[in-house]
Amino acid sequence: MDQFEGGDESFLQRIIYEIMNGPQIINLPKFLDARGNLSFVEQSNHIPFVIRRAYWIYDVPGGECRGGHAYLENQEFIISLSGSFDVVLDDGIEKKVFTLNRSYYGLYVPKGMWREMENFSTNSLALILSSTDYDAHDYIRDYSVYLKMKQNGEI
Ligand code: TYD
């Protein structure tokens with residue numbers, strides 16, 4: 001028989017939590033089944049922004065890093081669909097490392113954080129849900145520029 005877990009936290013509570021606490025892991029429902037497990041993500045129940053875009057990162061050679069930038073507007077929800085990797089988030093004051101290695105939770109990343117992805121395992125697959133269409137002008141790619149903008153309260 002299927003076993004259902006998750007979905008107990010109210011969406012409003014989570015948004016309040018995000019505003020107060022920034023990045024966080026959001027659990028997704030999972031149906032545990034002898035035939036194989038199933039999880040899903042729903043815009044209205046799990047994601048604190050409207051999804052405009054999805055992209056995925058795969059076939060990352062050992063030792064490579066992705067990211068290394070901040071977004072002015074874009075928010076993200078990152079799920080490890082397969083394998084594992086680390087997401088390093090830096091708000092200009094402190095760095096936090098989130099290891100993603102299960103497909104039944106994801107990491108909410110607010111706008112304005114410096115973020116890098118590293119330590120990809122073989123065959124890892126990262127799915128990223130985004131709040132904006134791709135826009136090269138939304139990126140800050142220079143860490144010293146990022147720090148300056150943070151210090152000046154511009155981001
Ligand atoms: P980018 O976000 O710069 O990834 P990273 O910081 O890990 O290098 O994306 C790499 C390239 O892919 C970028 O030059 C443009 C393209 N791209 C799109 O065209 N659309 C997208 O949604 C994304 C994420 C990237």
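For the residue classes used in these legends, Ala, Val, Leu, Ile, Met, Phe, Trp, Tyr, Cys and Pro count as nonpolar, Asp, Glu, Lys and Arg as charged, and the others, Gly among them, as polar.

**View 1. The shell of residues around the ligand in the predicted model.** Arg53, Tyr55, Arg66, Gly67, His69, Tyr134, Tyr139 and Arg141 are the residues around the ligand, and by class this shell has 3 nonpolar, 2 polar and 3 charged residues. At least two residues of the shell come from each of the strands β5 (53-58) and β6 (66-71), and β6 gives the most, with 3 residues.

View 2. On its own the ligand has 520 Å² of accessible area, of which the protein covers 59%.

**View 3. Asn74 in the loop between β6 and β7 (76-82).** Asn74 counts as buried because its relative accessibility is 1%, under the 20% limit for that term. A polar atom of the Asn74 side chain lies 3.1 Å from the backbone nitrogen of Ser131. Leaving aside residues up to four places away in sequence, Asn74 touches Arg53, Pro110, Lys111, Ser130, Ser131, Thr132 and Asp138; of these, Arg53 also belongs to the residues around the ligand.

Methods:
Residues are numbered from 1 along each chain as its sequence is written. This is a predicted model: local features need pLDDT of at least 70, side-chain atom pairs count only at pLDDT 80 or more; totals for chains, interfaces and linings use all residues. Side-chain values use heavy atoms; hydrogens and water are left out. A residue is near a molecule or strand if one of its heavy atoms lies within 4 Å of it. Accessible areas come from the Shrake-Rupley method with a 1.4 Å probe; for residues, only the protein chains shown count as cover. Helices (H or I, at least four residues) and strands (E, at least two) are DSSP runs, numbered from the N terminus. Buried means under 20% relative accessible area, exposed over 50%, partly exposed in between (1.4 Å probe, protein chains only). A polar contact is a pair of N or O atoms within 3.5 Å; within protein, one must be able to donate a hydrogen and the other to accept it, and residues adjacent in sequence count only if both atoms are side-chain atoms. Contact means heavy atoms within 4.5 Å.
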